[in-house]
Amino acid sequence: MMVSHANALKSCAVTKSVLPGCVRHPQKFMKETVYSIEAAVPRALFLIDDGRHACASMARMMLRVGMLLAVLVGAGGQELPATVAGQLDGREKQLESLYADYWRTEYKIALGDHALSSRPIQEQIRTVVSDERFLSNLRNAKISDSLLKTRQNLYLNEAVYTKITNDPALTAVVEQITQNENGFRFKVGDRQLSRAEVTDLLEHNPDRQLREEAWRATSQITGVNGARIQKAIQLRNQLAVKNSDEIFSIFLLHRKGLEVEQVFDWFDQIKEQTEPEYQRLLKRMRNELGVAKIEPWDLDFFFSKATNDFEAQKFPTDDGWKKTKELAASLGYDLDPVEMHVADLGFGGAAYPILYGKEVKILANRYSGIFFYDRLWHATGHALHYQMVNEPSFLLRANYAEPMDEGMAQVMALLLYRSEVNAKLFTLTPEQASVVDAAYRLKLLYTVRNTIADSLSEFESYSDPEKDPASVYNRIHAEYLGVDMHDAPVWGFNPMYGSDPIYLQSFVVGEMVARQIEHKVDEKFGRNWGKPAGDYLRTNFYSRGAEQSVDGFMRGGTGEALTPRYLVQFLESSKN
Ligand SMILES: [Zn+2]
């Protein structure tokens, strides 16, 4: 994508694409199944009433159990809800274990172990989750307990999702896309640059001609992956229509707790309400850069220009994790159990929910300066959520509304731009802190619009896969950013299109969530967030999973429904 996904908003990049079951532990699963039947039957039935004739008694007991089950299963073949509940427990536990294998494998692959593949695990998961007998029992079970009903719905939805995303033909294409991204080097002049190096060049290099060359070079990955990404789009749509009667983008948006009309309406509001500020920004860019026309390769550079003279010195990457832990500790959080590595990645960075509440890892891309910290703190926000989420089953922990997770991640990232934080952690002077703050407001004005354009391009490509993705992408970006895209097929540089489809809108909605949470926490605790603010965030947000909808989260934690108002207010304040 333009310079852009070099940019602040994108990164977490890792979302789920699998789901488990019992294939790897057949014995364990049988035991759990049997246990659940026992648990469903009144204990008295198991008392053997004649110690001298154990065998006969056992037979009698089995008969009684059988009769009881026949009664409870009842007409219409519906299974005893408690039995289904026990089986659901067992399946969720196995699912958790398979997911852990999946995430550990993905983590190693991202770190460079290209001989590994997570496809066999995805296939196991698909096989298990597609078990029609269990799905049918689950579907027909009459469940009144509301939490159990939530889990029933989550599992059934997960099954559809897995049939789509873990389809063997699709996972083969996606794996190829990811492999190409991981090892890719961009040829700029006679140099071979990693994603992080291209990003750094676009942000910091004053040589405009070199930046143009680097920006054009980002389209090289489209040459390698573009056709495969289009193939993945077609496959996802076919699989979604077959399994859910919706095209993929709509099915997935629903799964994430959003309605397409609502999302597009928020996008419109943000674009319209920030249009005057954005036009003012473009004018200012032209003046300060001394150019008649702003080009795509000027954007990121403009935003880092203001901080260039102190950024490398004040934001060294060597003690990044130490500073991050200090930030977390100031809120009363402990990051010691979280493992973090810096590496050359094919995406912006990520947090891996290997076992929610127990084992969480972070990968940070080898970026530099403020952007390095921006992405690391964003990933840390995800990690804190995965570490603290405290709901009573795996699906409840794992299937939180995605925009909420993004918002919780972004709450950490935005602390980087607050003078109360960066004066202390990075020893910025008040003048430097205000330069960082002002530059960030302007940059966000651009990145939010850019991400909206990324997202709209993706929705259009799913609704009309025959269209050339480059022309869709460039038309929408030209409209939202006011720059000429020069017919360059740079769209494939965005790693989200291949491996994390229909995720981009969650960055924008997550930004709204983060600003609304920030506003509430400031109102309650003032701008110096300490342990009481940390406790509030933990109770209302970081510890929560799928029990609540987006609306439930926001009303519960901030007292009002989700609104773009706080984000727009922040962006408009760039004029001050
Ligand atoms: Zn994220």
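The following conversation covers a few strands and helices of a predicted model.

Student: How are residues numbered, and what kind of model is this?
Tutor: Numbering runs from 1 along each chain as its sequence is written. The model is predicted, with local features needing pLDDT of at least 70, side-chain atom pairs counting only at pLDDT 80 or more, and totals for chains, interfaces and linings using all residues.

Student: Is strand S5 mostly covered or uncovered?
Tutor: Strand S5 (residues 359-365) is mostly covered, with 6 of its 7 residues buried. Buried means that 20 or more other C-beta atoms, placed from the backbone, lie within 10 Å of the residue's own. Strands are DSSP runs of E, at least two residues, and helices are runs of H or I, at least four, numbered from the N terminus.

Student: Which sense does the pairing of S4 and S5 take?
Tutor: Strand S4 (residues 349-355) pairs with S5 in the antiparallel sense over 5 bridges; pairing requires at least two DSSP bridges. Leu355 stands opposite Glu359 in S5.

Student: And S3 with S5?
Tutor: Strand S3 (residues 339-343) and S5 pair in the parallel sense, over 5 bridges. Ala364 in S5 is the bridge partner of Val342.

Student: Which residues of H6 are buried?
Tutor: Among them are Leu154, Tyr155, Val160 and Ile164.

Methods: Buried ≥ 20, exposed ≤ 12 C-beta atoms within 10 Å, placed from the backbone.
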